[in-house]
Amino acid sequence: MMRSNPPRRPAASPAPSPGRSAAQRQREIATLLMRLDAMLKQSAELAQTARERVSVGGLGRYRRFSRRVRDFFALAALTQERLDAAPEEMEDLIDPMTTALERLHARMVVQFVEGSAGFFSSFARVKALPIGTHEMCGVELRGVLEIRKFLDDPLYEGERGQALRAETDRIAALIRRVMDRIPPLPDFGDEPSIGPRGTLNSPLKGPNAHMPPGRGVARPAPPRPVGMPPAAPPAPNPSTEVRSLSLDQFEDDEDE
């Protein structure tokens, strides 16, 4: 397997302060590597928890797993930046630390692919899907496609890399199949929005949107031309006219 810098998502982070010594930077990078190793173990536990009860809240547990994976790659990008900015005094340590980072990165990619494949292979067969599944799966689909870009790196050449790419494509197809089974949530906004798959959703709000006949929002009347006299008020309808009554009127009725 060819060695290269691990593929990473761009992450904005402050550069190390110039006043720090080589020993301090070494401890910082070593601490980051240990945190990555701990996150790798935590994500494995979360993936196992998500697969235990797929049909009951399983998607929520899977999302906790995928968030931990995204946090891992963000921290891996930060670690790589620290390695790139390491001083010359750390030259003997840069290569072994870079190798350790590459191995952690590759293990997480494999773990994510295997964990996602195990979950969505079962979740795609769930009969009753919860409300909001379309939108939640859209978010996870974007995450899977982002991880898929890592597999095009020379670090993942060979039969193992090909198998991971094929498995990732299968996961994306399973997610799309789930999204096709359940419609998206209505758009309650005032303007059209873009759904997870790029479709345009029409809003439910706005003038006369989904209102019964005769209950629509009245449009403002056009402005009256200058110099035109005001229109006369309409004549009251005798059948619907409301008259004010007094006690004297009731007494007159009784005398009759």
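Q: Where is Leu33 found?
A: Leu33 is found in helix H1. Helices here are DSSP runs of H or I with at least four residues, strands are runs of E with at least two, and both are numbered from the N terminus. Before we go on: this is a predicted model, where local features need pLDDT of at least 70, side-chain atom pairs count only at pLDDT 80 or more, and totals for chains, interfaces and linings use all residues. Residues are numbered from 1 along each chain as its sequence is written, and side-chain values use heavy atoms, with hydrogens and water left out.

Q: Is Leu33 buried or exposed?
A: Leu33 is buried, because its relative accessible area is 12%. Buried means under 20%, exposed means over 50%, and partly exposed is in between, using a 1.4 Å probe and protein chains only.

Q: Which residues is Leu33 in contact with, leaving aside neighbours within four places in sequence?
A: Leu33 is in contact with Thr79, Met97, Ala100, Leu101 and Leu104. Contact means heavy atoms within 4.5 Å.

Q: And how far is Leu33 from Ala76?
A: In sequence, Leu33 and Ala76 are 43 residues apart. In space they are 8.2 Å apart, C-alpha to C-alpha.

Q: OK, zoom out. How many helices and strands are there?
A: The protein has six helices and two strands. From the N terminus on, the order is α-α-α-α-α-β-β-α.

Q: How much of the protein is buried?
A: Buried residues make up 35% of the 256 residues. The protein exposes about 16500 Å², and carbon and sulfur atoms supply 54% of that. Such areas come from the Shrake-Rupley method with a 1.4 Å probe; for residues, only the protein chains shown count as cover.

Q: Back to H1. At what angle do H1 and H2 pack?
A: H1 (residues 22–52) and H2 (residues 58–84) pack at about 165°, with their axes 9 Å apart. That makes H1 roughly antiparallel to H2. Axes are lines fitted to C-alpha atoms, for helices over the stretch in contact, and angles run from 0 to 180 degrees between N-to-C directions. Under 35 degrees counts as roughly parallel, over 145 as roughly antiparallel, 65 to 115 as roughly perpendicular, and the rest as oblique.

Q: What classes of residue make that contact of H1 with H2?
A: The contact divides into 17 nonpolar, five polar and seven charged residues. Ala, Val, Leu, Ile, Met, Phe, Trp, Tyr, Cys and Pro count as nonpolar, Asp, Glu, Lys and Arg as charged, and the others, Gly among them, as polar.

Q: New topic: where is the place of Glu88?
A: Glu88 sits in the loop between H2 and helix H3 (91–123). Glu88 is exposed, with a relative accessible area of 70%. Glu88 and Ala22 are 66 residues apart in sequence, and 8.5 Å apart in space, C-alpha to C-alpha.

Q: How do the axes of H3 and H4 cross?
A: They come within 11 Å and cross at roughly 145°. The H3 residues in the contact are His105, Val109, Phe112, Phe120 and Phe123. By class, the contact of H3 with H4 has eight nonpolar, two polar and one charged residues.

Q: What about H4 and H5?
A: The axes of H4 (residues 133–150) and H5 (residues 159–181) come within 9 Å and cross at roughly 165°. That makes H4 roughly antiparallel to H5. By class, their contact has nine nonpolar, four polar and five charged residues.
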